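Here are my notes on the model you sent. Please read them with the structure open.

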Amino acid sequence: MPFATHEAYLESVSPQARQRLEAIRAQVEALLPSATRCIGYSMPAYRDGRIFFYFASFKNHIGIYPPLTEDAALVQELEPYRGPKGNLSFPYNEPLPLDLIGRVAVALHRQYASANNPPNKKQ
C-alpha cells in the first residue's frame, strides 16, 4: 500500500515500530535540518535535492537504506547491522543505536551530495 506521508506510514505500523521510527525521524531532523520528509519506495525517506535516506519497519527489525559506502571507518562500525547488500537492520530485541543511526544519516547525506557535485564539476 503506497503512503503519501510519514504520518500515514507511521499509523500503519505497530506501536513498538512507531516509537523507533519516530526516534529515528527526530534524530535525522535534528542533525540535518535542510532535509525534507518524503516517501520513496513506499517508505519514509529524506531528501535534500535527492533522496538519501530511507527507513522502514519490518516484522523483526527496522531497516535503513541505501548502503553507506564512502566512510570506511563507519562502514566497519556498522558491520554487526549490515546485510548481504549492505543495508542496515536493527532488530527490535536490541537497543536502538540512535547516535550511530544519526551518523549514518549524516554520512549518507554527504555521500549523496558529493555524488551530485563531483569535485571537478563547475557550479
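The points below cover confidence, the sheet, the helix across it, one histidine and the aromatic pairs.

1. Basis. This is a predicted model, in which local features need pLDDT of at least 70, side-chain atom pairs count only at pLDDT 80 or more, and totals for chains, interfaces and linings use all residues. Residues are numbered from 1 along each chain as its sequence is written, and side-chain values use heavy atoms, with hydrogens and water left out.

2. Confidence. pLDDT is the predictor's confidence in each residue, from 0 to 100. The chain has a mean of 93, and 93% of its residues reach 70 or more. Residues 118-123 stay under 50. For that stretch the model has 2 contacts beyond four places in sequence; contact means heavy atoms within 4.5 Å.

3. Sheet. Helices (H or I, at least four residues) and strands (E, at least two) are DSSP runs, numbered from the N terminus. Two strands pair if DSSP finds at least two bridges between them. Five strands make an open sheet in the order 1-2-3-4-5, with antiparallel pairing. Strand 1 and strand 5 (88-91) are the edges, each pairing on one side only. From one strand to the next, the twist averages 25°. Axes here are lines fitted to C-alpha atoms, for helices over the stretch in contact, and angles run from 0 to 180 degrees between N-to-C directions.

4. First hairpin. Strand 1 (residues 36-40) and strand 2 (residues 43-48) are antiparallel over 5 bridges. Gly-40 has Met-43 of strand 2 as its bridge partner. The hairpin leaves 2 residues between the strands, and Tyr-41 in the turn has a positive phi of about 55°.

5. Strand 2 and strand 3 (residues 50-57) run antiparallel, joined by 4 bridges. Asp-48 stands opposite Arg-50 in strand 3. Here 1 residue lies between the strands, and Gly-49 takes a positive phi near 90°.

6. Strand 4 (residues 61-65) is antiparallel to strand 5, with 4 bridges. Ile-62 stands opposite Phe-90 in strand 5.

7. Helix 2. Which strands does helix 2 lie across? Helix 2 (residues 15-31) lies across strand 1, strand 2, strand 3, strand 4 and strand 5. Helix 2 runs at about 155° to strand 3.

8. His-109. This residue lies in helix 4 (residues 98-116). Is His-109 buried or exposed? His-109 counts as buried, because its relative accessibility is 18%; buried means under 20% relative accessible area, exposed over 50%, partly exposed in between (1.4 Å probe, protein chains only). The side chains of His-109 and Asp-48 make a polar contact of 2.7 Å. Such a contact is a pair of N or O atoms within 3.5 Å; within protein, one must be able to donate a hydrogen and the other to accept it, and residues adjacent in sequence count only if both atoms are side-chain atoms. Leaving out residues up to four places away in sequence, His-109 touches Leu-32, Ser-34, Asp-48 and Phe-52.

9. Aromatic pairs. The whole structure has 7. Rings of Phe, Tyr and Trp (its six-membered ring) pair if their centres lie within 6.5 Å; planes under 30 degrees apart count as stacked, over 60 as edge-to-face and the rest as tilted. Phe-3 and Tyr-9 are edge-to-face, 5.1 Å centre to centre with 75° between the planes. Phe-3 is buried at 17%, as is Tyr-9 at 6%. Phe-58 and Tyr-65 are also edge-to-face, at 6.5 Å and 80°. Phe-58 is partly exposed at 35%, whereas Tyr-65 is buried at 18%. Ring pairs also link Tyr-46, Phe-53 and Phe-55 into a cluster.
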